[in-house]
Amino acid sequence: MARRPPFPGPVHGLALLALLGASTLLAQPAGTIQDEALVAPYTLPDPLRFQDGRPVRDAADWREGRRPEVLRLFEEQVYGRAPAGPATLRSEVVETDSKALGGRATRRQVRVLLDDRGGGFDLLLYVPNGAARPVPAFLVPNFGGNHTVHPDPAIRLSTSWVRDRTGGGNHRATEASRGIAAGSFPVERILDRGYALATFTYADFEPDHREGLRDGVRARFGPGPDALGPSDWGAIAAWAWGLSRALDFLETDRDVDARRVAVLGHSRLGKTALWAGARDERFAMVVSNDSGEGGAALARRRFGETVKAITGAFPHWFAPRFREYAGREEALPVDAHLLLALVAPRPLYVASATEDLWADPRGEFLAAKAAEPVYRLLGRDGLGVDEWPAPDHPVGGTIGYHLRRGPHALTAYDWEQVLAFADRHLRPAAAGGLAPPAASRASPARCSSTGPTRRSSRWSGVDVDLDGDQLLHRPPVGAARRAAFRP
Ligand code: GCU
């Protein structure tokens, strides 16, 4: 079987093959395991045991001790440490239309500025006109520019770096790529279900290649490309940081309920969505689609892509230190189940595909399963099943999972399952769903769109100070409340 190519992107399978051509399919690295019988026994780090061996006895132990410990381990060993959000964040509405998509939606195209030197990103927002506002939203980064997610001719062509497959050469987008990712962004369907959709291209934060860090937020806000330490942020952390900046903006938008924003990503952006959702507890729900190695798949299984393969092909994605685990996954103090556990107690959805063996679909399920003890400790249920479900049989309680029949892609089927899951978790109580858990949500900080990200907010009736997604001032309240924020 051919290994899938290094840049499938979020287009659906057939379009993808047409775009890439069979000749771009790469041979698998020698020794790639794609047979369950070849998976060697392994032991996962216990989510409910501290590094020093002490047991995690209760929710407070998790929230105040083990969670920060796990987060720090992922920062130091895997993705790298990102800085706090910038002190100022301004936004300019570049274009708006309250009768977009045949009157179905309000479209806003916003330039969000991260500094005074013009650095920023272009956010495309569709808000359903037929739903009571503020609405819950999906925040979904895209690969090729906002204009790829829908054929809507009013969407501005991205001026950011794009891979040549979506552009006309020189890594710049052309009209030919308009709507090319629409198969992965069922915009009308999302709107009709009562959700807003917000999207931006990940390249606005960093172009996706080895030298990309010279042109992205890592150069602007980090230690600089030539001074990168072993635990400094890689590109995934930079893109995840971008998701938090997009959420900063959504907190200022009256039409979106920032307490009900789900972050969703496919493939490398699935890894990114998980890391964003793990660090930034303002995300009310987290969805990874076919995220694989460095995402939802257990590295210790070495099934499909391995640490060696991923850090060899994409060294820029991770903290430099991560490559020290190539061929020694068992030495990692963490694994994917702990990444998923960082999302607890918030709803988490993991989506896999049968033919996506490179991403180890079974390893993604097993990671979700192994995250359950943390959900239970925090008073939530997990998947509700013990065995890997049959293809096209979605399962789940607070952790949702499905194994779609088919290849690596983000498809309408994936979206349907995710929307059904979101309906249960993000809809207002009046609509029959569960309201977001009060103890884990901060009231949205309605900062002015030109004001600093440092701000005060009411959180369960308590005043807190936030800087971006960082809690600056911890209120003197109980452990359960405090721990809802990242350290
Ligand atoms: C490659 C890579 C994967 C990644 C995927 C993608 O296949 O090996 O880790 O998920 O590209 O992002 O498209």
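Me: How many residues does the protein have, and what share of them counts as buried?
Reply: Of the protein's 487 residues, 61% count as buried. Buried means under 20% relative accessible area, exposed over 50%, and partly exposed in between, with a 1.4 Å probe and protein chains only.

Me: What kind of model is this, and how are residues numbered?
Reply: The model is predicted: local features need pLDDT of at least 70, side-chain atom pairs count only at pLDDT 80 or more, and totals for chains, interfaces and linings use all residues. Residues are numbered from 1 along each chain as its sequence is written, and side-chain values use heavy atoms, with hydrogens and water left out.

Me: How many helices and strands are there?
Reply: Helices (H or I, at least four residues) and strands (E, at least two) are DSSP runs, numbered from the N terminus. The protein has 12 helices and 13 strands.

Me: What do the contacts and the surface look like overall?
Reply: Contact means heavy atoms within 4.5 Å. Take the contacts with a separation of 6 or more: 66% of them come from residues 24 or more positions apart. Accessible areas come from the Shrake-Rupley method with a 1.4 Å probe; for residues, only the protein chains shown count as cover. The protein exposes about 17,200 Å², and carbon and sulfur atoms supply 52% of that area.

Me: How do I read the length of helix 10?
Reply: Set its span against the expected one, which is 1.5 Å times one less than the number of residues. Helix 10 covers residues 361-377, 17 residues in total. From first C-alpha to last it reaches 26 Å, close to the expected 24 Å.

Me: Where is the kink in helix 10?
Reply: The bend at a residue is the angle between axes fitted to the seven residues ending there and the seven starting there. In helix 10 a kink of about 30 degrees lies at Ala 371, shortly before Pro 373. Just after the helix, Gly 379 takes a positive phi of about 85 degrees.

Me: What do the buried residues of helix 10 pack against?
Reply: Helix 2 (59-79), helix 9 (336-341), strand 8 (348-353) and strand 10 (399-404). The buried residues of helix 10 include Phe 365, Ala 367, Ala 368, Ala 371 and Tyr 375.

Me: Which residues does Leu 340 touch?
Reply: Leu 340 is found in helix 9. It counts as buried because its relative accessibility is 0%. Not counting residues up to four places away in sequence, Leu 340 touches Leu 274, Ala 296, Leu 348, Val 350, Ala 367, Ala 368, Ala 371 and Tyr 375. Leu 340 and Val 286 are 54 residues apart in sequence, with 9.2 Å between their C-alpha atoms.

Me: Which peptide bonds are cis?
Reply: Most peptide bonds are trans. Here a cis bond joins Arg 133 and Pro 134, with omega about 5 degrees. Pro 134 is in the loop between strand 3 (120-128) and strand 4 (135-139). The bond from Ala 344 to Pro 345 is also cis, with omega near 5 degrees.

Me: Is Pro 345 buried or exposed?
Reply: Pro 345 counts as buried because its relative accessibility is 2%. Its place is in the loop between helix 9 and strand 8. Leaving aside neighbours within four places in sequence, Pro 345 is in contact with Arg 63, Tyr 375, Leu 378, Arg 380 and Thr 398. The C-alpha atoms of Pro 345 and Gly 382 are separated by 9.7 Å, at 37 residues apart along the chain.
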